[in-house]
Amino acid sequence: MSTPDHTASWVAVALVVLATVLVGGFGLRISRTTSDFYVASRTVRPRLNAAAISGEYLSAASFLGVAGLVLLHGPDMLWYPVGYTAGYLVLLVFVAAPLRRSGAYTLPDFAEGRLESLHVRRVVSILVVGAGWLYLVPQLQGAGLTLKILTGAPGWLGDVLVATVVMVAVAAGGMRSITFVQVFQYWLKLTALLVPALFLVLAWQGDGRPRVSFDDQFAVFRADHPLYATYGLIVATFLGTMGLPHVVVRFYTSPNGRDARRTTVAVLALVGLFYLMPPIYGALGRLYAPELRHGGDADAAVLLLPARVIGGLGGDLLGALIAGGAFAAFLSTASGLTMAVAGVITQDVLPSRGVRYFRLATVLAIAVPLAGSLLVSRVPVADAVGMAFAVSASSFCPLLVLGIWWRRLTPPGAVAGLLLGGGSALLAVAITVSGAVTPPGWPHALLAWPAVWSVPVGFLAMILVSLATPGRIPPGTNAAMTRFHLPEALTSARAPGRDR
């Protein structure tokens, strides 16, 4: 790659990093209390919150991974963006408003407030940290891939750079700071995909509109039992959204339940708009970068297309814009995940919940996945994120849905569902990543896409064990259900010791 390419890309990445630090510094100026750090004092209005949620939700899998999967496997992979977007419909109907009314700071707060059990809280805390770390690794690895391709830098440099910037931004101003950062990064990511896509489509038309063929698409992802794999993907993305720690924590920042619902509707529009772009890059990648299908670097299609299709100074500038957008994707999602994990570590691991300990927790929250990203071999980013969705769908989805809508849920039932559903999905993901079971065959399919069976296991375990332990229904269940489902104007009840 030529020196101008390197220079433009370095400048773009540097500008994104600088803007992130400066915007985060603005949040630091107005972050004063513990509530500011955890939930921005619950004052984030729907439009701002929707852009922030979209900014952190649209991760490396969205920016690079979806296009890479379309390049490799064709239109079948459009289930990824469909599932990622439609998951907010379930969240809107079942979770958004009641979750805000719970008055919690984190998912463990919700679990303890609803079930009045420290044991349940500890199990949820472990799963939140595990899911957050699992989701953080592909963000850091995607940053390393991006910087390596566009600048020729060592692969580890991008991982370390993103981890460092995220640590500074989150530790500086907490949720208040990260909200402004993620709003800025959403619009940057959308611009970084939209503008080059327009030029790429014009160049494709100028070439005579060559036909994009998917007749020779790779069948590796769908080698065996394609219907099962498709349903596994749909269930994981559709139900996993509501339990993602970094998404859930943002709904606690809404002023009230009505604003939480309005935020979710706006998120559907913003996320849907973004997902129109990656398939364009995947399809054009088949024409202009076909070698990526054989080299294991399909995720690089978005990064390489401007230079391949347009070339010259225009290609360099568009490539630099994409580089900046890609880094914004890594930074925004990693910031949200680090925020969620740090909040749990502060409240459930460290001896105090003050701002000082929150900053220490931020270092711990990013250091472990950074080590994992440097030591573990790279998995395609969309696949890795899909695995995190499967764990979330199998554990937090049953807990939230039953905890909000079913009075008979008991602490033993919740623990059983979390361990059997989330635990089995996490074990399946670990076996898949380790390569202990390889395709073809049912064993690999069942482990690679566990949501089809692990989500029912989570729900059934919670229901059956709860029915078997009716004497363990928490005494405050009626009060908690009233708080979840009545508008704020009709009840002044709050989550004990949390909403302050």
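Five salt bridges are present in the structure, a salt bridge being a side-chain nitrogen of Lys or Arg within 4 Å of a carboxyl oxygen of Asp or Glu. One of them joins Asp 109 to Arg 121, with the closest N and O atoms 2.8 Å apart. Asp 109 belongs to helix H7 and Arg 121 to helix H8, so the pair ties together parts that are 12 residues apart in sequence.

This is a predicted model, in which local features need pLDDT of at least 70 and side-chain atom pairs count only at pLDDT 80 or more, while totals for chains, interfaces and linings use all residues. Residues are numbered from 1 along each chain as its sequence is written, and side-chain values use heavy atoms, with hydrogens and water left out.

The helices named here are DSSP runs (H or I, at least four residues), numbered from the N terminus.

| Helix | Residues |
|---|---|
| H3 | 46-57 |
| H7 | 107-115 |
| H8 | 118-151 |
| H9 | 155-206 |
| H16 | 312-348 |

H3 and H16 pack at an angle of about 100°, their axes 6 Å apart. That makes H3 roughly perpendicular to H16, a label for angles of 65 to 115 degrees. In the contact (heavy atoms within 4.5 Å), Gly 55, Glu 56 and Tyr 57 of H3 meet Ser 332, Thr 333 and Gly 336 of H16.

Methods. Helix = DSSP H or I, 4+ residues; strand = E, 2+ residues; numbered from the N terminus. Axes fitted to C-alpha atoms, helices over the stretch in contact; angles between N-to-C directions. Parallel < 35°, antiparallel > 145°, perpendicular 65-115°, else oblique.
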